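Here is a quick tour of a few local features in this model. Have the sequence and the 3D view open as you read.

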Amino acid sequence: MITITCAACGRKLFRYQKIGKGKLLHCWKTRISSDYTVREDDQVYCPCGRHVGVVEGPWINLHGGSFAVRGSALK
Ligand SMILES: [Zn+2]
């Protein structure tokens, strides 16, 4: 399980089950275990107001540079 945090304020955005190596580009909704973000239609924001991504069908497309990742993926 990884924790995705806001690059602007450090708040938690998601707890996420990441599978495999590689850069995190989007989050499958079904693998998000906790969601602390704020939604406005399909736009995803940190509670601080930073825009972090867009919902696109089954996943959330994250903006590179708007978040940081802690923890490790399943190998
Ligand atoms: Zn923030």
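How many residues lie between S7 and S8 in their hairpin, and which residue in the turn has a positive phi? Two residues lie between them, and the one with the positive phi, about 65°, is Gly57. Keep in mind that this is a predicted model.

Now for the strands themselves. S7 covers residues 51-56 and runs antiparallel to S6, residues 43-45, with three bridges joining the two. Across that pairing, Tyr45 sits opposite His51 of S7.

| Hairpin | Residues between the strands | Turn glycine and its phi |
|---|---|---|
| S7 and S8 | two residues | Gly57, about 65° |

Let's turn to another strand. Ser33 belongs to S4, which spans residues 32-35. Is Ser33 buried or exposed? Ser33 counts as exposed because it has 9 C-beta neighbours inside 10 Å, and the cut-off for exposed is 12 or fewer. Setting aside neighbours within four places in sequence, Ser33 is in contact with Met1, Arg15, Tyr16 and Gln17. Take Met1: in sequence Ser33 and Met1 are 32 residues apart, while their C-alpha atoms are 8.9 Å apart in space.

Conventions:
Residues are numbered from 1 along each chain as its sequence is written. This is a predicted model: local features need pLDDT of at least 70, side-chain atom pairs count only at pLDDT 80 or more; totals for chains, interfaces and linings use all residues. Helices (H or I, at least four residues) and strands (E, at least two) are DSSP runs, numbered from the N terminus. A residue is buried if 20 or more other C-beta atoms lie within 10 Å of its own, exposed if 12 or fewer, and partly exposed in between; C-beta atoms are placed from the backbone. Two residues are in contact if their C-beta atoms, placed from the backbone, lie within 7 Å. Two strands pair if DSSP finds at least two bridges between them.
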